[in-house]
Amino acid sequence: MISSLSPVRAAARHAVRAAGFGSLLVLSLLPACARTSGDTAAADAAGPAGGAVTLWTVRTELFMEHPALVVGVAGKFNVHLTAVSDFAPVRSGRVTLRFAPRARGAPLVVTQEAPRAAGIYGPAPVFTAAGDYDLTLIVDSPQLQDTIRVPGLRVYASEDAAPREEDASDAGVSFLKEQQWKTPGFRTAAATTGEVISTLSAPGNIEAPAGHHAELTAPASGLVDLAGLERSPAPGERVTRGQLLATLAPSIGDAGSAYADARARLREAEDELTRAARLVRAEAAPARRQREAEIRVDAAREAMAGLGGGAGGRIEIRAPFAGVVAARSLVLGSRVEAGAPLFTLVDPSVVWLVTHVPAASAPTIDVAAAGSFTAEGSDRRIRTGRLVSVGRVIDADSRTLPIIYEVANPDGHLTIGSNAAVLLRTGRRASGVVIPESAVLDDDGRAIAYVQAGGERFERRELTIAARDGERVLVLAGIASGERVVAGAAYQVRLASLFSAVPAHGHEH
């Protein structure tokens, strides 16, 4: 991508970068003022036209500005080199520029051992013959090694022979290389031709799966034990399976009598087992009597266990599985009734994503294909896991059908109860121009993206979108294959477009 740029305009642009907002506003008025004084005066004031080049290779982005190239005049190049791997400036290393004349003659070779500033080289070659030259730029840096070819640079015999700069203002959004390099996450990507499987957007929510959520209640009436409460885990704490959560001193009356009755039945069963065993040893009773007594003891112990029976007649509340305490409803010394809620436990290592698909769209969903979602408060996109179930009954109020997926949550970043925005794949495929999902912004309901028209110039484009798959977007209009879009930190470029002046991040030339 090559465009003309006169020394006068280039110098003015660099002065603007160094001076900040006020100078750019003045500069933007100059062309209009010049036109009011007459075309002849404007033509006389115009200088020789320089040039600007923007090229991409697999490894490097080159943005190069230069004045009009004239024999015998040192033309200072401003060469900006960006590593495409992370879109950081090339901070060190040698750059060699080899200008090969298309006519006969030896090439002109200029070497610069290190950049003047991060990412910026400034060689100043002096040409001895006019004509067309092909530039080969060789980068030898610890960050990357690359060879970039720039064809068709014209060198003029004199400044008078060089074309005059056209009076045309730069269109688009200015976002300087220094701004790009200093913006976290900034990157661009090429629009390609490809195929996208369309998706359907649907709301969802994160829930605890069956067997991973427990509401623990008091098995009998009683008082909250002081010692047990001091060791009781607080909400948010992790617990292990079988861990003691609290103890209750059972009441004698009301529902607490169930615990006393169970304990009495256990003692009676144990006494009967002792007598039966003694009689069987004395051959005064059949062995069947001992077996029947053992069965009654086992049943009484299971009944006690169901009531949380522990040492000293206390009722022990223990965790049925490893997880996190979501809620605790205990007050020191208070009396709780049988069935009163004590703890809520959840195991967040696995969650359910419950999505609600409009009934009319449900037949188009490919439930076997993995979808994706983002949970509220996070931009992280997560793939759905195993399909648990597809509802068969439409909700009468919302006219939606529930679809449930199991999602692994080993680091606990998904919070149970949070909402989710879900993308589910359909069976429809579409082909066309494809760009990353991260390149698309919402501007008052219109889908837009920013295309890099030059090294430091960007254009706002409105898009016509045909399909999305959560990672890529199929565009019917607005972007052509091969154009580069801002795929990271696009919102920062949008902010830059809201100002008529370039922020004071001057080139370090």
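Guide: Helices (H or I, at least four residues) and strands (E, at least two) are runs assigned by DSSP and numbered from the N terminus, and in that sense V95 lies in strand β7, residues 94-101. The model is predicted, with local features needing pLDDT of at least 70 and side-chain atom pairs counting only at pLDDT 80 or more, while totals for chains, interfaces and linings use all residues. Residues are numbered from 1 along each chain as its sequence is written, and side-chain values use heavy atoms, with hydrogens and water left out.

Visitor: Why is V95 called buried?

Guide: Buried means under 20% relative accessible area, exposed over 50%, and partly exposed in between, computed with a 1.4 Å probe and protein chains only; V95 has a relative accessibility of 1% and therefore counts as buried.

Visitor: What does V95 touch, beyond residues up to four places away in sequence?

Guide: Taking contact to mean heavy atoms within 4.5 Å, V95 touches L81, V110, T111, Q112, Y121, L137 and I138. For one of these, V110, which is 15 residues from V95 along the chain, the C-alpha atoms of the two are separated by 8.5 Å.

Visitor: Why is E283 called exposed, and what class does R399 fall into?

Guide: E283 has 74% relative accessibility and therefore counts as exposed, whereas R399, at 48%, is partly exposed. E283 lies in the loop between α6 (257-281) and α7 (287-306), and R399 in the loop between β26 (387-390) and β27 (400-408).

Visitor: What makes the backbone of E283 worth a remark?

Guide: E283 has a positive phi of about 60° although it is not a glycine, and R399 likewise has a positive phi, of about 55°, without being a glycine. Most residues other than glycine have a negative phi.

Visitor: How do you know that β12 and β31 pair?

Guide: Two strands pair if DSSP finds at least two bridges between them; β12 (residues 173-174) and β31 (residues 457-462) have two bridges, in the antiparallel sense, and therefore meet that criterion. In this pairing V173 stands opposite F458 in β31. Strand β30 (residues 446-452) also pairs with β31 in the antiparallel sense, over five bridges, with R460 in β31 as the bridge partner of Y450, and a hairpin joins β30 to β31 through four residues.

Visitor: Which strands stand at the edges of the open sheet of four strands, and why?

Guide: The order of that sheet is β19-β18-β16-β21, with antiparallel pairing. β19 (315-318) and β21 (335-336) each have a single partner strand, so one side of each is left without a neighbour in the sheet, and they stand at its edges. Four bridges join β18 (residues 244-250) to β19, and L244 stands opposite R318 in β19.

Visitor: What makes a region a pocket rather than a cavity?

Guide: On a 1 Å grid over the protein atoms alone, a cavity is a set of points where a 1.4 Å probe fits but cannot get out, whereas a pocket is an open set with protein on both sides within 12 Å along at least five of seven lines; lining residues have an atom within 4 Å of a point. The second largest pocket has a volume of about 340 Å³, a volume being the space filled by probe spheres set on the points, which are joined across faces, edges and corners. Its lining includes S201, D379 and R468, and β28 (419-436) is among the strands that supply at least two of the lining residues.
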